[in-house]
Amino acid sequence: MHIETTAIHAGRRVDPSTGAVTLPFHPSTTFERSADGSFPSGYEYIRDDNPTRQAFETAMAALEGGQAAVAFSSGMAAITAVFEGHASKGNRIVVPDDMYFGIRSLIDETDIGHRFDFVAVDMRDMDAVRAAVGAAPTGLVWIETPSNPLIRVVDIRATCDLAHEVGALAVVDNTWATPILQRPFDLGADAVVHSATKYIGGHSDLMAGVVVLPEASALERPLRMIQHHKGSVAAPFDCWLALRGLQTLPVRMRAHCEGAQRVAEALRRHPAVEAVLFPGLPGDPGHALAGRQMSGYGAMLSFIVGGGAEAAMAVAGRLKLVVRATSLGGTHSLIEHRASVEGPKSMAPSGLLRLSIGLEHPQDIIDDLDQALSVAG
């Protein structure tokens, strides 16, 4: 089936007892045993499994072209589970130097940073990746592309090959691209991770994470055990909302991407903007690579305002339509000054504003940005 059809039908069917076309929501935490003590429904307790969560996991596996999926309570819970489940204590995990700041905080502020040897490199530089994975026993290479917030594009196939040369797993955070724009399993990935809070849900009203795995993955049992015994399972209602979001994901991503392209081109022409970071622009360093490994350039962009942090914050403060808020992937366009959010360890330049393009008409977004920037210009 085409991906648009898979997004609507995978993991779901017409309810046989009622004829309901929409998947029923099952909030139950526990399920009845039969008289002989067995569980004829296949369900026992919510941490083990739940019909709504199972449907979401099945749908995500189908959409990514995997064999199984494990759903967690948040994207960070999914990421943490991959780190914990991948290898023995002390093994090296190679990460990009430009990555979601929540991972940097996880490493710096929890026991995860002490249990594993994390090394950050510029993953656009294959020599740097090769040196990092070869310098110590490496269990995992974490790939984030496009990256947050510098919108760097990493060569998934080449990075996976380097990981596999030393026996490491290669895991791709596909949150920004989604399975609609990027197919990591086709490029050699051993697992794919999503914060379903973002584009999968698509409406800024749920929190969940999911790890998708290929057939016979050594990660599946550790991830299931973490999900079950540590209790970081996705809630049934969040899974139901995510399944609702999946149905429109292909058409939403097309609209998001079309809007982002128009906004990026408009920002590039504005005299108050020093640079636009977006792979859809021909002059962007990641443009050619994104054209080869993605079917669209995404809907996230960053732009740098002349005058540094004060000028950038002032631009954000003058916006009337674009919302000043954390997160991305919803119907509303959102903007954020990442350096002030992330603090002194941020990779973001002081004048950088990260922009998530929503589903408003692109010209309305452009007009709002223009009026906010024109005062600065």
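Trainee: From which domains does the lining of the second largest cavity draw at least three residues each?
Mentor: Good place to start, and keep in mind that this is a predicted model. That cavity holds about 30 Å³ of space, and its lining is made up of Pro146, Trp176, Ala177, Tyr297, Gly298, Ala299 and Met300. At least three residues come from each of two domains, namely domain 1 (3-245) and domain 2 (250-374).

Trainee: How many charged residues does the lining of the second largest cavity have?
Mentor: Go through the lining by class. Six of its residues are nonpolar and one is polar. The number of charged residues there is none: the lining has no charged residues.

Trainee: And how many charged residues line the largest cavity?
Mentor: The largest cavity has a volume of about 40 Å³. Its lining includes Asp97, Asp98, Asp122, Arg124, Glu144 and Arg152. Next to four nonpolar residues and one polar residue, the charged residues number six.

Trainee: Let's move on to the pockets. Where does the largest pocket lie relative to domain 1 (3-245) and domain 2 (250-374), and why?
Mentor: The largest pocket has a volume of about 440 Å³. Of the 25 residues that line this pocket, Tyr100, Asn148, Ser195, Lys198 and Leu328 are the closest to its centre. Because domain 1 (3-245) and domain 2 (250-374) both give residues to the lining, the pocket lies between them.

Trainee: How is the lining of the largest pocket divided by class?
Mentor: Helix H3 (75-86), helix H4 (101-109), strand E6 (191-195) and helix H13 (338-342) are the elements that give two or more residues to the lining of the largest pocket. Taken by class, that lining divides into five charged, ten polar and ten nonpolar residues.

Trainee: Which element gives the most to the lining of the second largest pocket?
Mentor: The second largest pocket has a volume of about 240 Å³. Helix H1 (3-9) and helix H10 (236-269) are the elements that give two or more residues to its lining. Trp240, Leu243, Arg244 and Gln247 are among the lining residues. With four residues, the element that gives the most is H10.

Trainee: Are Phe83 and Trp142 buried or exposed?
Mentor: Buried means under 20% relative accessible area. Phe83 has 0% relative accessibility, and Trp142 also has a relative accessible area of 0%. Therefore Phe83 is buried, and Trp142 is likewise buried.

Trainee: Which residues form one aromatic cluster?
Mentor: Phe116 and Phe118 make an edge-to-face pair, 6.4 Å centre to centre with 90° between the planes. Both Phe116 and Phe118 are buried. The one cluster consists of Phe83, Phe116, Phe118 and Trp142.

Trainee: Last one: what arc do the buried residues of helix H12 cover around the axis?
Mentor: In helix H12 (residues 308-318), the buried residues are Gly308, Ala311, Ala312, Val315 and Ala316. They sit on the same side of H12, because the arc they cover around the axis is only 135°.

Key: Residues numbered from 1 in each chain as written. Predicted model: local features only at pLDDT ≥ 70, side-chain atom pairs only at ≥ 80, totals over all residues. Heavy atoms only, no water. 1 Å grid on protein atoms, 1.4 Å probe; cavity = no way out; pocket = protein on both sides within 12 Å on 5 of 7 lines; lining within 4 Å. Points joined across faces, edges and corners; volume = space filled by probe spheres on them. Nonpolar A, V, L, I, M, F, W, Y, C, P; charged D, E, K, R; others polar. Domains from an automatic or database assignment. Buried < 20%, exposed > 50% of the residue type's maximum accessible area, 1.4 Å probe, protein only. Arc of directions from axis to C-beta. Phe/Tyr/Trp six-rings, centres within 6.5 Å; stacked < 30°, edge-to-face > 60°.
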